[in-house]
Amino acid sequence: MGAWDLLLVGLVILLGLCGVLLPGVPGSWLVWAGVLWWALKDPQPLAWGVFVGATAVLLLSQAVRWALPARRVRWDEAGRRLAAYAGVGAVLGFVLVPVVGAVPGFMGGIYLAERLRLGRHGEAMTALRTAMRSGGSGVLTELFACLLVTGAWLGAVFAG
C-alpha cells in the first residue's frame, strides 16, 4: 500500500475520531470503514487480524453504550468547547500513558474546561460529575474504543 493510500486511510480514521465528539457524524463507523479500506487494499494476515479485532472492539463499545442509561448531550457552544477539551485530553492521555491514559485525560479535559469557565475547584468537580452523568460516559466509551482501534492500526502500519 502506498504512502498516499495510508495517508487517506489515516485521514478517514482521524475524521472518525473527531466525529465521535461531533453530533451527527458517525465516528466509530468512519474508524471501522478506514480500517476496512486498509485491510482490503493491503490483504495481509496482520491487516485482517486488526480488522477483525477492530470490529470486535467497536461492537463491544456499542453494546456498552446501549447498556448505559440513555442521556442527552447538550451541543451548544459550551458543549462543543467541553467536547474539544475532553477529546484533546483523551488523545494526550492515550499518547502519554499508553491506552489507559485516555480515561483520566478525557475527564481531565472536562475538568480543565469547567475550571476555566467556573473558576473554582468544587464547582468544576460538580460540573465534571454532571457532564459524565449526562452523556460523557457514553462518549468516553466510544472514543476509547476508537482510540484502541487507531492505536492497533498505527502499530500494524509501523510493524510492516
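**Reading the model step by step**

Guide: Val99 is placed in the loop between helix 4 (77-96) and helix 5, where helices (H or I, at least four residues) and strands (E, at least two) are DSSP runs, numbered from the N terminus. This is a predicted model, in which local features need pLDDT of at least 70 and side-chain atom pairs count only at pLDDT 80 or more, while totals for chains, interfaces and linings use all residues. Residues are numbered from 1 along each chain as its sequence is written, and side-chain values use heavy atoms, with hydrogens and water left out.

Visitor: What is the phi of Val99, and is Val99 buried or exposed, or partly exposed?
Guide: Although Val99 is not a glycine, its phi is positive, at about 65 degrees. With a relative accessibility of 34%, Val99 counts as partly exposed; buried means under 20% relative accessible area, exposed over 50%, and partly exposed in between (1.4 Å probe, protein chains only).

Visitor: How many aromatic pairs does a search of the whole structure find?
Guide: A pair of aromatic rings is described by the distance of the centres and the angle of the planes. Rings of Phe, Tyr and Trp (its six-membered ring) pair if their centres lie within 6.5 Å, and planes under 30 degrees apart count as stacked, over 60 as edge-to-face and the rest as tilted. Searching the whole structure gives four aromatic pairs. In one of them, the ring centres of Trp29 and Trp32 are 6.0 Å apart and the planes stand at 85 degrees, so this pair is edge-to-face.

Visitor: Where do Trp29 and Trp32 sit in helix 2?
Guide: Trp29 and Trp32 are three residues apart in helix 2 (residues 27-41), and are therefore separated by about one helical turn. Trp29 is exposed, at 57% relative accessible area, whereas Trp32 is partly exposed, at 24%. Trp32 also forms a tilted aromatic pair with Phe51, with 5.5 Å from centre to centre and 40 degrees between the planes. Because Trp32 lies in helix 2 and Phe51 in helix 3 (residues 45-67), this pair ties together parts that are 19 residues apart in sequence. Phe51 counts as buried, at 12% relative accessibility. Ring pairs link Trp29, Trp32, Trp48 and Phe51 into a cluster.

Visitor: How do the axes of helix 2 and helix 3 cross?
Guide: Axes are lines fitted to C-alpha atoms, for helices over the stretch in contact, and angles run from 0 to 180 degrees between N-to-C directions. The axes of helix 2 and helix 3 come within 9 Å and cross at roughly 165 degrees. The two helices, helix 2 and helix 3, are therefore roughly antiparallel to each other; angles under 35 degrees count as roughly parallel, over 145 as roughly antiparallel, 65 to 115 as roughly perpendicular and the rest as oblique. The residues making the contact (heavy atoms within 4.5 Å) include Trp32, Val35 and Leu36 of helix 2, and Trp48, Phe51 and Ala54 of helix 3.

Visitor: How many salt bridges are there?
Guide: Side chains of opposite charge can pair when their charged atoms come close. A salt bridge is a side-chain nitrogen of Lys or Arg within 4 Å of a carboxyl oxygen of Asp or Glu, and by this rule the count is three. In one of these, the side chains of Lys41 and Asp5 meet at 3.7 Å, N to O. Since Lys41 lies in helix 2 and Asp5 in helix 1 (residues 3-21), the pair ties together parts that are 36 residues apart in sequence. Lys41 is partly exposed, at 43% relative accessibility, and Asp5 is partly exposed, at 24%.

Visitor: Which residue forms a salt bridge with Arg65?
Guide: Glu142 does, and the closest N and O atoms of Glu142 and Arg65 are 2.1 Å apart. Glu142 lies in helix 6 (residues 121-159) and Arg65 in helix 3, so the pair ties together parts that are 77 residues apart in sequence. Glu142 is buried, at 8% relative accessible area, whereas Arg65 is partly exposed, at 30%.

Visitor: What separates Arg117 and Glu114 in helix 5?
Guide: Arg117 and Glu114 are three residues apart in helix 5 (residues 102-118), so about one helical turn separates them. Their side chains, those of Arg117 and Glu114, meet in a salt bridge at 2.6 Å, N to O. Arg117 is partly exposed, at 47% relative accessible area, while Glu114 counts as buried, at 6%.
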